[in-house]
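Please look over the structure below. A short report on its geometry and contacts comes with it.

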Amino acid sequence: MNQEKRVEEFSLEALRAGDKAEFARLVEAYSGVMYRLALKMVEDPQDAEDVLQETFIKAYRALPNFDGRSSLSTWLYRIATNEALMALRRRKSASVGQTISIEEPAPNEDYEQEPIQIVDWCCLPEAEMMSAEARAYMEKAIETLSPALRTVFLLRDIEGLSTQETAEVLNVSEVVVKTRLSRARMRLRELLSEYFGERAARRSAAEGEGL
Amino acid sequence: MDHQKCRHLLGSLSDYVDGELAEEVCAEIDRHLEECENCRIVIDSLRKTIYLYKVTSEPPTVPEEVRQRLYLSLDLEEFIERKASNEASKP
Ligand SMILES: [Zn+2]
């Protein structure tokens, strides 16, 4: 989580003037995090690559007007997030033929869902929780979140942005960030409890039989 | 178990694990957790969920072909070769 906290040692003057070498340094520094975010947002390598390219193309064009009110990284995250949301909107409307709002949580996420899965699975060995199968399940779980919740979860818990930075990226209030993060985490907790709870139960049953 | 109470605290659990709650609310949850096993399990599994996503997240890297195409699309071909030196300086 340190890569976001790096000191921004870029010359804004050079960047605003369109200096290619300085821009290349910016691309080198941030393409990794932006690509990771894009991949998790759009779930498709080709779309993610398009988002990555669009992000830096737009950044290069917009840099002469970059006012420095937000940090460069927050600003880049904002462009990347918007690109990813647009890519999602394009794909969803092309495939389903319906308009869905991706800035707002889905209706079933519009309230605090009561926990259904109350299973203690924390005793499972870490190796089992981090198996390839478990990771694939965790990826799928993220994909079930609406884009609005997914974005907040990725920015806060994967990219390590603060509540304030996330609010800045998404242009929403900090209260909205906290509410969406809470709903995203609680839903993921629910899904992971379903998956790992079953494994924990199987394990303790096996132990009870002396296996 | 005081169901009403559990439901009332539900929306605060995420802030609670982040340590971002006002002292009174935090103390209220602490008191409730002492007597409510269900909420303890929910909190523990919530913490574990966040932890698992954090530790399993991939390092921020771009596959080499993707990186090359990115530099081409940005008209930055002349800077593609700098990868090796930058790789070395990454944590
Ligand atoms: Zn409770």
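## Basis

This is a predicted model: local features need pLDDT of at least 70, side-chain atom pairs count only at pLDDT 80 or more, and totals for chains, interfaces and linings use all residues. Residues are numbered from 1 along each chain as its sequence is written, chains are lettered from A and ligands numbered from 1 in the order in which they are written, and side-chain values use heavy atoms, with hydrogens and water left out.

## Zinc site

Four side chains hold the zinc ion: Cys6(B) through SG, His32(B) through NE2, and Cys36(B) and Cys39(B) through SG. The distances run from 2.0 to 2.3 Å. Donors are N, O and S atoms within 2.8 Å of the metal (3.2 Å for Na, K and Ca). Along the chain their spacing reads C-x25-H-x3-C-x2-C.

The site is tetrahedral because the 4 donor atoms subtend angles of 104 to 112° (the rule for four donors: all angles between 85 and 135 degrees). Cys36(B) is buried, at 1% relative accessibility. Cys39(B) is buried too, at 9% (buried: under 20% relative accessible area, 1.4 Å probe, protein chains only).

## Domains of chain A

Chain A is assigned domain 1 (12–96) and domain 2 (107–210). The bounds come from an automatic or database assignment. Their C-alpha centres lie 26 Å apart.

Glu139(A) and Lys40(A) form a salt bridge at 2.8 Å, N to O.

How values were computed:
Four donors count as tetrahedral if all angles lie between 85 and 135 degrees; four count as square planar and six as octahedral if opposite donors are over 155 degrees apart and all others between 65 and 115; anything else is irregular. Buried means under 20% relative accessible area, exposed over 50%, partly exposed in between (1.4 Å probe, protein chains only). A salt bridge is a side-chain nitrogen of Lys or Arg within 4 Å of a carboxyl oxygen of Asp or Glu.
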